[in-house]
Every structure is written in structure tokens, then in C-alpha cells.
Amino acid sequence: MKWVYRLERKFGRYYIPRLMLVIIAGQGMVYLADQLSPAIQLLSRFSLNWAAVMHGEVWRLVTFVFIPQTTRPFGLIISLYFYYLIGNTLENTWGGFRFNVYYLCGMLGAIAAAAITGYGTGNYINLSLFFAFAALYPDFQVLLFFILPIKMKYLAYVSGALCALDLLMGTWSMRAAIVFSLANFLLFFGEDFLRKVRQQMRYSKTRRAWRNQWNNQNRR
């Protein structure tokens, strides 16, 4: 994340405060507007359709993040609360600027996927927020189905497995959305992940060397 620190030193005062609240409030308002006036087809007008963007509907490059992930009232409430919790915690941990950069990188990835395949979605941006939260707070517990306590890292493992399945079985549009929208996670956490892998490899190598030395001494 060194590149983020350099950006923050230069442009750290330029960011949208409480960004996740803005996103969540926008999704709630879009849902209500769509329910009150379905004839407008607001969700369709806000979607990231690349052909429409190329015909001048450039607002879609921003409005797609305000499309709620579900149109079921109960599911929407749970989703909005969950992602507000995650986003607000990440912003408090990183600071407003870094959180804005993380979310913007996810948006740019979704836009790049739409440019390649013709259609993009903001769903995997939210998933990248979840992965970031799980990486920072792996032992944070939530109540699955409001009953079973489960740690975030285990939910992240399941979500990661489902993403891998979508990469194998999904459409090219879905594959592009996953890869590009989750690129922000790799940009922020890839260096730390590689460092841990190297440390683990060195530890395993040292352990094998000590074990071999111990075995050789015992044979004597």
C-alpha cells in the first residue's frame, strides 16, 4: 500500500467523507423510487450498460453503484446494514482518503469490465469491501441467520470459493466483473499476502532443515 500513502501525502484532503453512508443512502432512495414509480425503470436507466454510455448516457459510470443488490425488502435492509458496517469500519481504520481510493479502484475495475464485455455491475465492489474487512478483522463475529456465530474469515473463505466457482462456470461478463472489480483488493493486500507467503515458506524451510539435522544426529 505504499503507493496509497504517496497519493495521500499529495491529495489526502480530496475525498468524500462518509462515502459508504452516501452509497447506502443512495441505494435506499433508488429502491424506494423504483418501487413507487416502476414505469420509470430506474434500475435499468442506472445500470452500467456500455453501449448506452457510448451513446452519451455517461451518468451510468457513477449511478451503477447506487443499484441495490436485492429488491426484496428484508434482504435489502440486511444488505444495507451489513455493508454500512463494513464500509464505515474500513473508513475509520484507513481514513477517508484511502477508503475512497479503494472504492474508486473497484468502480474503475467494474467500468473496465463493462468496456470489455458490454455490461458491468457493482455487486463485486461490495464483495471487495467484505474481503478487505475479513482481511483486517478475520476474527470478527456475525450471527449467521441471526443464530449461529461465525467469524468473518470463514465467511470470506466461502465467498472466495463461490467466486472461484463463478470464474469457472460463469459467463465472460461475470468473469470480467469479478477479476476487475476485485483488483482493488489485490492492490491493497497483495503485497502483504506475498510477504506472508514468503515468510511461511522460509519458516517451513527452516523447520525442515532443523528436522533433518535432528534426525541425522539421532542416527549417529
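# Briefing: loops, helices and rings

At 40% relative accessibility, Arg18 counts as partly exposed (buried is under 20% relative accessible area, exposed over 50%, partly exposed in between; 1.4 Å probe, protein chains only). The model here is predicted: local features need pLDDT of at least 70, side-chain atom pairs count only at pLDDT 80 or more, and totals for chains, interfaces and linings use all residues. Residues are numbered from 1 along each chain as its sequence is written, and side-chain values use heavy atoms, with hydrogens and water left out.

**The chain overall**

- You're looking at eleven helices and four strands in the protein chain (DSSP runs numbered from the N terminus: H or I of at least four residues for helices, E of at least two for strands).
- The chain has 220 residues, and 37% of them count as buried.
- Take the contacts (heavy atoms within 4.5 Å) between residues at least 6 apart in sequence: 69% of them join residues at least 24 apart.

**Positive phi angles**

- Back to Arg18: its phi is positive, about 55 degrees, although the residue is not a glycine.
- Arg18 sits in the loop between helix H1 (2-11) and H2.
- Gln41 is another non-glycine with a positive phi, near 55 degrees, and its place is in the loop between H2 and helix H3 (42-46).
- With a relative accessible area of 49%, Gln41 is partly exposed.

**Helix H2 against H6**

- Helix H2 (residues 19-36) packs on H6 with the axes 8 Å apart and an angle of about 165 degrees (axes are lines fitted to C-alpha atoms, for helices over the stretch in contact, and angles run from 0 to 180 degrees between N-to-C directions).
- That angle makes H2 roughly antiparallel to H6 (under 35 degrees is roughly parallel, over 145 roughly antiparallel, 65 to 115 roughly perpendicular, the rest oblique).
- On the H2 side, the residues in contact include Leu19, Ile24, Gln27 and Tyr31; among their H6 partners are Pro73, Leu80, Tyr83, Gly87 and Glu91.

**Helix H7**

- H7 covers residues 96-117, and its 22 residues should span 32 Å at 1.5 Å a residue (the expected span is 1.5 Å times one less than the number of residues).

**Aromatic rings**

- Rings of Phe, Tyr and Trp (its six-membered ring) pair if their centres lie within 6.5 Å; planes under 30 degrees apart count as stacked, over 60 as edge-to-face and the rest as tilted.
- By this rule there are 13 aromatic pairs.
- Phe82 and Tyr83 make one of them, an edge-to-face pair at 5.4 Å centre to centre with 75 degrees between the planes.
- Tyr83 is buried at a relative accessible area of 12%.
- Trp94 and Phe189 form a tilted pair, 6.1 Å centre to centre with 40 degrees between the planes.
- Trp94 lies in helix H6 (residues 73-94) and Phe189 in helix H11 (residues 183-219), so this pair ties together parts 95 residues apart in sequence.
- Both partners are tucked away: Trp94 is buried at 7% relative accessibility, and Phe189 is buried with a relative accessible area of 10%.
- Ring pairs also link a cluster made of Phe82, Tyr83, Trp94, Tyr102, Phe130, Phe131, Phe185, Phe188 and Phe189.
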